[in-house]
Amino acid sequence: MKFTIDPKLLAQTVASVARALPQRPVVPVLSGLLLHADGDQLTVSAFDYDTSHRGTIAADVAEPGKALLPGRLLAEVVRSLPTGMFADVAATDREVVITCGRSEFALITLPVEDYPNLPEPPPPSGTVDGALFAHAVEQVAVACSRDDTLPALTGVRVDADGERLTLAATDRYRIAVRDLPWQPAAATSLGQLVPGRVLLDLTRDVGAGPVTLAFNDKLAAASTAVRESTVRLLDEQFIDYRARVDIDMPIVATVDAAALADAVTRVALVAEKNTAVHLAFSDGEVLIRAGGGDIGRAGDAVPCELAGEHVEIAFQSRFLLDALAAVGGQARIGMTGEHKPALFSTEDGAYRQLLMSLRTA
């Protein structure tokens, strides 16, 4: 294997793929990144039996071939290469030599013959705008649980019905749902559960171009012109989220999400951990209160428009701030009463988050 490549592009691709490397690989070769030079391109791959990542960039290939290198070390090395010139990469039986200007590194290879075959992605299911998809994943992933003992709560449900793609997640305290348009490849419906942390990581580098999504009963895949990733699906049941978020609320407040978040952040300074932040909605404003215990108390007010009767409701500050950040812009807060869940949504209703309220004395 021998090729010449732009070191900046190489560093970006290696860094992106290296994020998929397992922290504690079950076998040593899984700590490596597989380099495959062929034709006029280089493909960098990582695999841990659950997820796979491939990045492809242009290269001037003199001798095609493969090499397996320690992944995190390779990422550090190529990140340190000087810019403004091309890098030469050449493999021997035991090492790969990377030369860029006066800098030279010789890295000992791992046994490439022991590296497992990467899974083939399923046939395409449809295409979605990359920037829109990445934002949607970020909005719903906030509601994914971090508790791996309940796998279903760590996942993002992906449903498709015609030209509408829906993402949903819940950790039992909140349910986040986002609808977005997409172009299905065939007239089939989808209903798969994808690990949330992996899906969030997959969307970090998708950019503004189209993303092709693919699903079967075992794998999900996302690919762009230069990236391709697969992940093993979660084999778990998911809640009927639509029955919970697609409901009418008799009380609706409209408020600037950033202004309300700023006020909540201020008053929460005197709220003890996991205690309530109170929102009192009336004509023209929402009063935010917290504290009153051994630390102190605080209050603030933000303008709002209210349709329906006056109501006071309380939330845990962290969950409330997460909901406001995910909605952004003008947030609509639908309520039925002080001890009932509230529905935070965007003005167009494409994003909804049902958030449990706190019972207070």
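Helices (H or I, at least four residues) and strands (E, at least two) are DSSP runs, numbered from the N terminus. The model shown here is predicted, so that local features need pLDDT of at least 70 and side-chain atom pairs count only at pLDDT 80 or more, while totals for chains, interfaces and linings use all residues. Residues are numbered from 1 along each chain as its sequence is written, and side-chain values use heavy atoms, with hydrogens and water left out.

**View 1. The largest pocket and the elements that line it.** On a 1 Å grid over the protein atoms alone, a pocket is an open set of points with protein on both sides within 12 Å along at least five of seven lines, a cavity is a set where a 1.4 Å probe fits but cannot get out, and lining residues have an atom within 4 Å of a point. Two or more lining residues come from each of S4, helix H3 (130-141), helix H4 (196-202) and strand S18 (227-232), and H4 gives the most, with five residues.

**View 2. The largest cavity.** Among the three cavities of 30 Å³ or more in the structure, the largest has a volume of about 160 Å³. Of the 16 residues that line this cavity, Ser16, His53, Leu202, Arg227 and Ser229 are the closest to its centre. Helix H1 (7-18), S4, H4, strand S17 (219-223) and S18 each supply at least two residues of the lining, with S18 giving the most, namely three.

**View 3. An aromatic pair between Phe315 and Phe344.** Rings of Phe, Tyr and Trp (its six-membered ring) pair if their centres lie within 6.5 Å, and planes under 30 degrees apart count as stacked, over 60 as edge-to-face and the rest as tilted. The count by this rule is four aromatic pairs. In one of them, Phe315 and Phe344 are edge-to-face, at 5.6 Å centre to centre with 70 degrees between the planes. This pair links distant parts of the chain, 29 residues apart, with Phe315 in strand S24 (residues 311-316) and Phe344 in strand S26 (residues 342-345). Buried means under 20% relative accessible area, exposed over 50%, and partly exposed in between (1.4 Å probe, protein chains only). Phe315 counts as buried because its relative accessibility is 0%, and Phe344 is buried with a relative accessible area of 0%.

Key. Points joined across faces, edges and corners; volume = space filled by probe spheres on them.
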